[in-house]
Structure formats: structure tokens, C-alpha cells
Amino acid sequence: PVVLVTGATGFIAQHVIDKLLARNYSVIGTGRSEEKNSVVIKNFKEKYPKGELSFAVVPEIGADDAFDDVLKEHPEVKYVIHMASPIDFSTTSPLKEFFLDAAVTGTLNILKAIKRFAPNVTNVVLTSSYVSLMQNDPQIVLTNDMWNPITWDDVKNSSDAYRASKFATVNPALVTGPQVFDSSVNKVLNGSNQYILHVVKTDDVNSKAPQDQLPIVGVDVRDTAEFHILPLEIEALSEDRILLVDEPFIGQRVFNILNDNFPELKGKIPVGDYNSVDELEEKFCPKQDISNIINKIPGGYKFIPLETSLVDTFKQYLAKEEI
Ligand code: NDP
């Protein structure tokens, strides 16, 4: 089957494409420019010489009819995984325009284009986020039927919300893990890994890990990618809202993992208070229960542990860049 992946030059999207090609799906990606697309295509062609992969340019998902041309050209598309969404927190553009308008209009644009030009599409998977469920009280156990109490101004009623929930949406927590290709590693990593790097890089390595640093819940990028494909392959997941979370963790956990695994970083990253980690996490980290999703997967699902995820990320980073 043919899968259209939007935002295909992105960190998570490349892992999705990697898994799709490994399973012999045909993939059509969209990226913002010929220049960015060609780098990704070249890497995948080397890894999967027989893989069926092509890219189209969609410079701005929020522009009128952004996805019409690519779907007109590819009426054979069966599955759509819509991952393109603004995620650059350093933007200086007006926030509503940059985040909300692009995300909402971009999503409506892909849905409209599917309706008009893609008669063979049977499933749509939309990458949403953990933040759409997040509650203010860390003691509340999150489940996949919750919504963030902070509603967007534009969502006026429950039918708007219902419309958005009527797909398989994947709602990942903070996504960590290596890039598919070592050559993608730069001094500044993709947004979510950079967030971790930021916690580790400090001028004062003797400081205790501030208790409010992070606390968060994470999931590895390879698991995140897998959960974008499972709703295409497991009927029972095809209309679910998938809260995708694995281990809750706090800054101190990152220090412990890195200090345990990378002795060469001694003196360069904080140690904090090694033994305080369990207590801090119990007190500050969000809690969740996704057993109703995992129970739908024959044989269950085993996530990549946070330690492996961070070790893989930093091994790849340190091979190229210094902390
Ligand atoms: P990336 O920034 O690596 O990928 C985002 C992709 O979307 C890029 O290809 C980017 O292109 C493209 N894009 C962004 N804005 C636009 C736009 N206005 N028009 C066209 N293309 C656009 O981020 P991730 O891989 O981390 O994120 C992928 C998806 O996962 C996003 O929807 C994000 O919200 C979601 N997500 C991510 C989490 C994380 O921790 N990483 C957690 C929860 C959800 P370019 O780089 O060229 O601008």
C-alpha cells in the first residue's frame, strides 16, 4: 500500500518512513523544499536501494490548497500520516499565526484534499501531542480519553473537538532517541532532544538538579514511529486516540543515566543528588495509564527504556559534537 507522510523531513517522520520502507510500504513524503527533501531521499535510497520512495514539495501546510497537487498526482494513496506541524519554540513570529493557524489550517487542508482528490484513502493518522491531554495536577492519572483543560480559543464546542478526535491521533509525550541518520546530527538537535541537551549543558556543573527541571514523561522515537503504523495495521486501533507515554522522568534521572553511562562526561555535566531521583519523580512527574491501548495489541508491547533511548541519543551526538 501507498502511504503519504507529511513533514517527512522531520525527526519522528524519518523514523516512520524507515519502518514503512522496512515493511515494504511505498512512501510519498512531503517536505518544505527540494533542497531539504533531496538530502532525506538520498539517505533512504542508500539504506533501501529497492525502496519505493518519492517526495513532493509542500512549502507551507497552512497555505490555501497546500496538499491538493500531491494528492491529485497520487490518487493511489491509501494511508495518510499527517506529521507536519510547527514545533519551533524559538520562533519570533506571532504565536497564534505560527502555531495555531498553521496547525489547524494545515490539518484541515490535508483532510479537504483527501476528501476531494484521494478516493482510496481508508485511514488517516494525525500526530497530535501529549500536551493536548496534560492536566495541571501531576497526581491525576492521565488516560487517553482526557483533554487538556486549557482549550484553544477557536474550539467553540464539543463537536469541534469530536471532529478532531475522530481519527487515530497519536499523542506522544517528549520524544527522545537517535536520528535515523548519523549525518543529521548537528550541534543543535531537534526540538525535543535539544530540550534534554539543554538540561545537561550548564555552566555550573556543581549545581543540584533543580527540582522543577523537566519533570516530564517520555517515549522513544522508534516506539513513536511504530505507533503511527500500528493504527494502519490493527483495526481496533484505527480510530483511537493514542496517548503515547512510557517512563516519567525528571532532570536528575537524565544526570544519573548520563553519569552512569558516559564516564568521559565527568566534570562536564552536573551530578546533582543521585539518590533523590525516585522521590522527586514520585512527587513531581505526571502519571498515566494506557493499558486500554496496549491491550489491543496482540502480544502487548514492549517500549524501549528511557535509559536506552538517552544512551543511543547521546552516543550518536557525542560521536559528532562535544558537550
Ligand atoms: P520536526 O521539527 O523534526 O518535524 C516537523 C516537520 O514539520 C518538519 O519537517 C517541518 O519542516 C514541518 N513543518 C513544520 N511547520 C510547517 C509548516 N508550517 N508548513 C510545512 N511544514 C512544516 O519535529 P518532530 O519530528 O519532533 O515532530 C513531528 C510531529 O510530532 C509534530 O506534529 C509535532 O507536533 C509532534 N510531536 C512531537 C513531539 C516531540 O517530543 N518531538 C511530542 C509530541 C508531538 P521544517 O523542519 O523544514 O520546518
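The model is predicted, so to speak of local features a pLDDT of at least 70 is needed, side-chain atom pairs count only at pLDDT 80 or more, and totals for chains, interfaces and linings use all residues. Residues are numbered from 1 along each chain as its sequence is written. Helices (H or I, at least four residues) and strands (E, at least two) are DSSP runs numbered from the N terminus.

**Annotated span**

- UniProt, in an unreviewed entry, lists residues 3-139 as "domain: NAD-dependent epimerase/dehydratase"; UniProt positions follow the numbering used here, feature names are shortened, and annotations may be inferred rather than shown by experiment.
- This span, residues 3-139, is 40% helix and 18% strand, and its end C-alpha atoms lie 39 Å apart.

**Around the ligand**

- The ligand is surrounded by 27 residues, of which Gly-7, Gly-10, Ser-85, Val-175 and Ser-192 are the closest; a residue is near a molecule if its C-beta atom, placed from the backbone, lies within 6 Å of it.
- Two or more shell residues come from each of helix H1 (11-22), strand S8 (174-176) and helix H6 (191-200).
- H1 gives the largest share, three residues.
- By class, the shell holds 13 nonpolar, eleven polar and three charged residues. Here Ala, Val, Leu, Ile, Met, Phe, Trp, Tyr, Cys and Pro count as nonpolar, Asp, Glu, Lys and Arg as charged, and the others, Gly among them, as polar.
- The ligand lies between domain 1 (2-177 + 216-248) and domain 2 (182-215 + 252-286 + 306-318), because both give residues to the shell around it. These domain bounds come from an automatic or database domain assignment.

**Helix H1**

- H1 has twelve residues and reaches 17 Å from its first C-alpha to its last, close to the expected 16 Å; the expected span is 1.5 Å times one less than the number of residues.
- Nine of the twelve residues of H1 are buried, so the helix is mostly covered. A residue is buried if 20 or more other C-beta atoms lie within 10 Å of its own, exposed if 12 or fewer, and partly exposed in between, with C-beta atoms placed from the backbone.
- The buried residues of H1 include Phe-11, Ile-12, Val-16, Ile-17 and Leu-20, along with Asp-18.

**Helix H2**

- H2 (residues 34-47) has 14 residues and reaches 20 Å from first C-alpha to last, close to the 20 Å expected.
- Asn-37, Val-40 and Phe-44 are the buried residues of H2. They cover an arc of only 70° around the axis, which puts them on the same side of H2; the arc is that of the directions from the helix axis to the C-beta atoms.
- An α-helix has 3.6 residues a turn, so residues three or four places apart point the same way.
- Glu-34, Glu-35, Ser-38, Lys-42, Lys-45 and Glu-46 are exposed on the other side of H2.

**Residues worth a look**

- Asn-24, in the loop between H1 and strand S2 (26-31), has a positive phi of about 70° although it is not a glycine. Asn-24 is exposed, with 11 other C-beta atoms within 10 Å.
- Asp-65, in the loop between strand S3 (53-57) and helix H3 (68-73), has a positive phi near 55° and is likewise a residue other than glycine. Asp-65 is exposed, with 11 other C-beta atoms within 10 Å.
- Leu-280 lies in helix H9 (residues 277-284) and counts as buried, with 22 C-beta neighbours inside 10 Å.
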